Structure formats: C-alpha cells, structure tokens
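Let's take a walk through this one, strand by strand. Have the viewer open and follow along.

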Amino acid sequence: MKRILSLILAFVMALVLINVPNMKAIADEATPDDASAADYYDSRDIKIKNNISIDGVDVSGLSFGEAVEKINSVSDGYKSANVTLNCDLGNISTNLDNLGFFSDTDGAVKEAIACGNSGNILKRYKETKQVEAEGKDVSLVSSVNENKLSEIIEGELGSKIHVGNEYELSKAEDGTVSVKILGATQSVDVEATLAGINSHLSDNWHGDAFSSDIIINDGTGKKQQELDSIKDLLGEFSTNYSSASGRMKNVERATSFLNGKVLFPGQGLSVYDTISPITAANGYYDAPVFSGNTTKPGIGGGVCQVSTTLYNALLLAEVSITRRDNHGMTVHYVDLARDAAISGHVQNLEFVNNFDTPIYIEGFCYGGYVTFRIYGKETRPANRKIELVSKTIKVISPPDGEEITEDPELPPGTKVTTHSARTGYVAELWKNVYVDGVLTDSIKINSSTYVATPKQVSVSPGYQEGDEDEDTDTEQTTTEATEAPTEAPTEAPTEATEAPTEATEAPSEPTVDPDTGDYDN
C-alpha cells in the first residue's frame, strides 16, 4: 500500500513540475501595479483558475484583461442604482453615479488570478484543488467619492443644516479678516455617512436601490476650523445707487439680507429667495420697476442693482454662477452684459461655492455706493490677474414712431413723453486671464440681448395731433453711475433703514407681473 501511495504522489508531483519554470518565474517577480498588471499577466498567458468568480460573476479561464473588462461592464451598470440618503432635516434621492461611485476592479482581478498562480509549488497546487472542489468568490470593493457625497448633501440640505447660524466678520489693522460663528451649529459627519454607504455596497449588494443615513453631529468646533480659512479678499465691486429715496431704501434693504451670508463648499444661494418677500411688510418701498418695455410704480424697484453688484463681485472672485438673467432693457449702473435681473423665480441670480473652503459675503451701502466683497481662502497664483470686458456685438436702432397710451387723468389736449426711445443691443461679457501681465486665456461668460423700444407717450382722451405745439416731457432721468472708487469705504455702513412702523397693506407676492417685469429701472 505504501508503495502505491508513493507512486501516486510521485505522479502528482511530476504533473505539477511540468509548469515549474513559468510558475517559479512569476512567483519570484514583484507583484505588478494596476497600470502594468494586464501586460504582466496576459504576456505570460496566465488565466484565472476554474470555479472562481468576482462578486458572483464567473471569471473562470479569463485572462487579466478579459476579466477586468467583464467586471467593469457589470460595475458600470451599478452606477444607475438609486440611493436615498435620510436624516431628520430631509431626504435626498440620487444615484451612485452622482455620488462618484467606483470599484477596485483591478484589485479584485489580481486576487482572483493569483489564486493557484502564485506562491510555491505546493501552495499553488493546494489552491487549485481547493477552488476546483469548493469554488471561490472574490469580493469587489466599491465606494463613493467623499467630496461628491459632501457636495450633494450641502447642495440639498445645506440651508437647513446651517439655518439660524450667524457669523461675525472682524477686520484687523493690517487688513486681515477673520470670521467667527455665533452660537452652536450642526455639521455632517461625512466620514461616518460614507462608511454607512460603503457597508451597503459590501453587504452582498448587487446593484439594487438602497437607503442610508446622513450622520449629523454638533459641528461647532469643526465648522469654526473651516471658517478660520477665510483670510483673503477674493472679489469686490461697487455701483453708485444715488436715486429716489424709495429706491435707495430698497437697495439698502436687499443688501442687508445678503450681508453676512456664509457658503460652505458645495452650498448654493438664490438671491431672490434670500431677499424675498419683496413687500412693504418686509421693509420695501414703492419705486419704478421695469414692466415689459416700460416702467411703472411697484414695490421693490432697485433690488436688481443689488444682485448686479453682487454678480460682478462673484465673477471677480471666480465663484461658480449657476443662473443669471439679464434685463429686458439696458440699465445705467453697469456696462452691457454685466447686469443680473431679479423677477421672482422667472429671473434670478444663483451661485454655488465651488471652492474647498467657505466664503463670506459682505454687503453694505455707504456714501452713495452699494458694495459687495467676497472673502475666502486665496488659492490663485499672485501673478495671475483677471479682468471683465463687455463687448457690444450688435446695436439695434429704436423703432420709428411713437408708442401711444391714453391716460384719462391727463388734462384735455395733453400729450406727454413718458420714456425716450431706447437703443437695443446684443452684448457679451468676457473674462480675460493674465499671467505676469500676458493675456493667456479669454473666456465668454454670457451673451445678453436688450430690446430696442420706441418713444413712449401718453395722451389725454380724444387728443389730436396739433392740439399742442410741443410735447411736455415728463420722463424722470436717473443719475448715471459714476466710476466706483478704487478702494471701497472702510467705514462700516449704517443699518438699512427700517420699514415704516405702520406699513401699508401689501400683497403677499410682488405687484410686478413676473412674466413681464423685474424690480428695477
């Protein structure tokens, strides 16, 4: 019996030794990295042993490259799987692709192909026989991108997570700034939230939809640590808002709502949502507003100058603008294509913090100027500068003739000019980038079209041409914006004028038709 067993063992060893040269060479070499793994294994014609799978997908007999291609096709299909992220502040419905889903395909294939193909002769023989008898399933390690996860949570729930938080900006004599958080606050524990998602992906998961929790902790200390990065002025812009009293009060009121806002990475802001409701009860006054191709009295005239000034400061800070609409007609306080209109949710300015650190928005009115400054952590090279350039592409002449409106309140035989003819334009705004004073790039930011309008007049009922020798021109002219000062005033602005103690009854929504008008003149 012993002789028979010895012969059998010798026969088995002889079979194993047939492949000794190649196997020994593989075992003696260092394990290749992912970039060269396919060439390493495929050039040696090494195949995955039979009865081996990766996350339930059979890869028996495949080369390294073939197995990677097969598993990647399966993994790519997982990206469309729906994920619901839950917390007390609300739920977020998204998919794995939006969360930056990825799988360590190369790592799984390397583990699969090593089984029975690496180590000493006895180890390879033992592993080969074991997988033939029992099979082997290699786990595919998958995860989502931590930064993507953080951005989506901040973008969807950031306003709720940070609701009620107030921040204080301090300026030192040397010009440096610091921002302090006032009171306790919450923050998302991104690492714990990520771990929860990954546990679903590793728990016998095969592409089905699932839910996971957003972990929210008391994050005052962590948030203050983030705020400590705010040291630099990233962008600043001023416009002259000297005009009628009601319009100036509207500019001051809207600016006060935006002053002090902090956006953490991935968090966005809607200007209209921040300054609304635009009503008398919320501190706004009557002032001329655009309505179609003309102006008329309405609550909130002038708030577009606030959004416009902020828009230019954001562009200079290179904050990501996600929505901006131009006025239907030209405005006097900025060059063409540099305006940003507000008209409910029909026209709005929206932006998102695209940086890795928070930004602080300072807005104030002083000396006839409204100013916005964007503070954050400067990461742009000192030798890199940008400038915004407005380009007129087309000039549109006003239509001939007059647009006549009958006004029953005018005395008989009266004709008055309410608005002069307006020239229309097609314009573009470009950002020029200079490095060491040399223009290196030119990027188009927007294209804006402003309508041309005829001269607009009002006449009394029954008016006939010739009733008067000359028209009475009642159009109110607005003061043109002067050049903004190089340095905005350092003195802090006074608080925006408060609403009248007894505010007149105002509708819950703006009186301007959001389909035709906006809050400006």
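Start at Tyr 434, which sits opposite Leu 439 of strand 26. Two strands count as paired here if DSSP finds at least two bridges between them, and the elements themselves are DSSP runs (helices H or I, at least four residues; strands E, at least two), numbered from the N terminus.

A quick word on the source: this is a predicted model, where local features need pLDDT of at least 70, side-chain atom pairs count only at pLDDT 80 or more, and totals for chains, interfaces and linings use all residues. Residues are numbered from 1 along each chain as its sequence is written, and side-chain values use heavy atoms, with hydrogens and water left out.

Now zoom out: the pair belongs to an open sheet of three strands, ordered 22-25-26 and antiparallel. Strand 22 (384-396) and strand 26 (438-450) are the edges, each pairing on one side only. From one strand to the next, the twist averages 20°.

Next, look at strand 27 (residues 455-459): four of its five residues are buried, so the rest of the structure largely encloses it. Buried means under 20% relative accessible area, with exposed over 50% and partly exposed in between (1.4 Å probe, protein chains only). Strand 23 (residues 402-406) runs parallel to strand 27, joined by five bridges, and Thr 405 stands opposite Ser 458. Strand 24 (residues 415-419) runs antiparallel to strand 27 with four bridges, and there Thr 417 has Val 457 as its bridge partner.

How values were computed: Axes are lines fitted to C-alpha atoms, for helices over the stretch in contact, and angles run from 0 to 180 degrees between N-to-C directions.
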